[in-house]
Amino acid sequence: MARPGYGKRSVPEGQAPRTARTFEHLPPREAVVATHIDRLPDGAAIDIKTLSKEIPEYGQQAIASALKAISTAGHLRRVRERLDGERTQWVQRTYFSRTPRTDAWWRQFLSGTDSPAEAAPEPPRPVHPPERTPAYAALAALGRTDPRMALSANECTALEPLAAEWLARGVPVPQLVQALTSGLPGTAHCPGALARKRLTDKMPPEPAPVSAASPRRIMECTGCGIPGRPEALPGGLCRTCRHDAPPPPPPADDHVRAHVAHLRTMLPAAQFTTPRP
């Protein structure tokens, strides 16, 4: 078994049943390695060194090449995953799917959203009359706190958006009620207009924007382990491991001749003279 937090993780859904022909679409070596990984329990170490010891007929280089091919076929992705807890902790995991998946499926799965497969339709829910919002309930309860601020149903409906904005900005209901009922004059001739003025003039500031949460999973290249966005690692491999990097252009003949001539001038002239017998 791998160290805690490391090792194999099976994708949680949509797995085809295991048969003798599950990996027949892979070359023989890759099919052997994929079958071995598929039969390992979750949490088992599936790094190159461990697999080469468990499958002795293949060396580390062969195992590394097989893992790249298995990743390209859509069965495997390596990621760094953030664990929830009191402190931020990242672990390295290798997700394995017996069923080959597309790059789009892996991208959506690793983003933490639902898989691309269609969800089963939900059963119809019974229709209930709409419930009053907390903002409406707070306005309707003003009269119980102070009879001078008793509002009609129409006034509660008209002032509900303003009260809802207070609650959306983090003000609790008791504080909202206190802001509308404290320091009232001796007689409130128009409680609706007074409530509107206070809701408008005393509107609290908007809360500071919350920074976007860091991603839960970061994909790694199956070959070299370099991290990157899923769209930058098609097949789970980076550009270098896909051998897509263009070869350097061959040097021009004139450049080679000039370079050789320069080297000749740097060497002693005696080396280029023909020795006499």
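Tutor: In this predicted model, strand E2 and strand E4, the latter covering residues 217-220, pair in the antiparallel sense over four bridges; strands here are DSSP runs (E, at least two residues) numbered from the N terminus, and two strands pair if DSSP finds at least two bridges between them. Within this pairing, Val 79 stands opposite Met 219 of E4. E2 itself spans residues 76-83, and eight bridges join E2 to strand E3, residues 89-96, again in an antiparallel arrangement. Arg 78 has Thr 94 as its bridge partner in E3. Six of the eight residues of E2 are buried (under 20% relative accessible area, with a 1.4 Å probe and protein chains only), and E2 is therefore largely enclosed by the rest of the structure.

Elsewhere, helix H8 (residues 173-181) packs with helix H9 (residues 191-201) at an angle of about 120 degrees, their axes lying 9 Å apart; helices are DSSP runs of H or I with at least four residues, and the angle, on a scale from 0 to 180 degrees, is taken between N-to-C directions of axes fitted to C-alpha atoms over the stretch in contact. On the H8 side, Leu 176, Ala 179, Leu 180 and Thr 181 make the contact (heavy atoms within 4.5 Å), and on the H9 side Ala 195, Arg 198 and Leu 199.

Residues are numbered from 1 along each chain as its sequence is written, and side-chain values use heavy atoms, leaving out hydrogens and water. Local features need pLDDT of at least 70 and side-chain atom pairs count only at pLDDT 80 or more, whereas totals for chains, interfaces and linings use all residues.

Definitions and conventions. Buried < 20%, exposed > 50% of the residue type's maximum accessible area, 1.4 Å probe, protein only.
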